[in-house]
Amino acid sequence: MFVILSDGINETIRQYDSRNGQWANVPVPGTGTMGIEFYDVPRSNEVMVHSTSWNDPSTLYDYSPDTRKLVTSTFNVTTNYPGVADIVVEEVELPGHDGTMVPLSIIYKKDLKRNGSAACLLDGYGAYGISATPYFSHRSLALLNMGVVLAFAHPRGGSEKGQKWYQAGYKTTKPNTWKDFISSGEYLIRKGYTSAGKLIGMGTSAGGILIGRAITERPDLFAAAISNVSCSNALRMENSPNGPINAVEFGTVKDSVECMALYEMDAFQHVKEGVKYPAVMCVGGMNDPRVIAWQPGKLAAALQAASASGRPVLMQVNYDNGHFTEDKAVTFRNFANMFAFGLWQVGHPEFQPGNVARK
C-alpha cells in the first residue's frame, strides 16, 4: 500500500508492507508534488511514480517496492527548457501580523542580486481550503528567464497547515488572508528580493479579496496589482448568478455578523479618495457566472475615480470567455497582457513603451 503525505506544500510517498507490518519511504529525489500509478494490479506491485515541482517540469520513475529501487522510467520524456537548471527554490516561513508563521515559496534565477532591484510577482489565493502546491509552469519560466522573482504566498484560508489554517482565513477571520499576503510582501522587501517600487501583487477569483484588500490596506507596498476575474465587491456577491453558493465560504448579508465580515473583505467599499494607489489591471470575463464582470469592473471604476498616484487603472474584458477559457489564443493573450502591464509599471527594461517601439 502506498500513501502520499503532504507537509501542506511539498509531498512525500511512503509504502506499507502488510507481510511484515513495516513502513518505508519511497526514495524520490527532491521535493514537490507527487503521484503514483499502478502498472498491473493485482499481479505486480511495481508502480510508476511521477513528480513535479517549481523547477522540475515532470519526471517519471519506475519503482519496485520489493527492492526499493527507483529508476527513471522508459516513459519519461526529458525536457531541456532554457534556464531550468539555474532556478533556485526557497521555502521559508515568516512572521505574520499577529506572530503566526506564514509559509512562502520563492523562486528565482541563481544570479539574483539581493539588493531590491529585481521585479517580483507575488501571487496568492487563500480560500476554500485550497493549498498552493508546487507545479512547473512555462509562463513562470518565461518570467524567471527575464530576471523576475516569483513568490507564491500560502496565507490563511488555504490548507497548508490543515483545517485550522483554512478556518483562520474564513468568513469573520478572512482579514488574516490579506494580512498574511501583506506580510509576505514585506518579507520579500526586507530580505532584498525586491522593493516596493518593483513589487507586483496578483490574485485570481476568490484571490481577488486578497489582492483587493491588500492594495486598499497597504497601497504603498505595491507598484502594481493584477486583479484577475476577481471577487472585488463581496457585499454584493450574493446578487450575482453564482453568489448564493459562495455564502458558505464568505458569509451572507442575511446574518449581521457575517454581513460585517463581508464589508471588511470588500475592496470596492474600502477605496478612498485621494490615496496614492498602485497601478491596477482588473480583468473580467463577459460570460463569467462565477465572478460576474461587474465585480472587478466596480473596483476599476472606483480606483480610477479616487486614486491620486497618477498610475493607470485598466479594466480588460474578455468578451469571448468566462471565468477561464480553454481557448489557447485567449489564454496567452490574457496572461501576456497582465504580465506586460505589471512589468511595464515596475520599470522592467523589456516592457517600456520606448523600447518596444524601437524593436
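1. The charged end of Arg 139 sits over the ring of Phe 335, 3.7 Å from its centre, where sitting over a ring requires NZ of Lys or CZ of Arg within 6 Å of the ring centre and within 35 degrees of the ring normal. Arg 156 likewise lies over the face of Trp 165, at 5.7 Å from the ring centre.

2. The model is predicted, with local features needing pLDDT of at least 70 and side-chain atom pairs counting only at pLDDT 80 or more, while totals for chains, interfaces and linings use all residues. Residues are numbered from 1 along each chain as its sequence is written, and side-chain values use heavy atoms, with hydrogens and water left out.

3. The whole structure holds 13 aromatic pairs, a pair being rings of Phe, Tyr and Trp (its six-membered ring) with centres within 6.5 Å, and with planes under 30 degrees apart called stacked, over 60 edge-to-face and the rest tilted. The rings of Phe 2 and Tyr 63 have centres 6.3 Å apart and planes at 75°, so this pair is edge-to-face. Phe 2, Phe 38 and Tyr 63 form one aromatic cluster.

4. Tyr 108 and Tyr 193 form a tilted pair, with 5.9 Å centre to centre and 55° between the planes. Tyr 108 and Tyr 193 are both buried (under 20% relative accessible area, 1.4 Å probe, protein chains only).

Methods
Buried means under 20% relative accessible area, exposed over 50%, partly exposed in between (1.4 Å probe, protein chains only).
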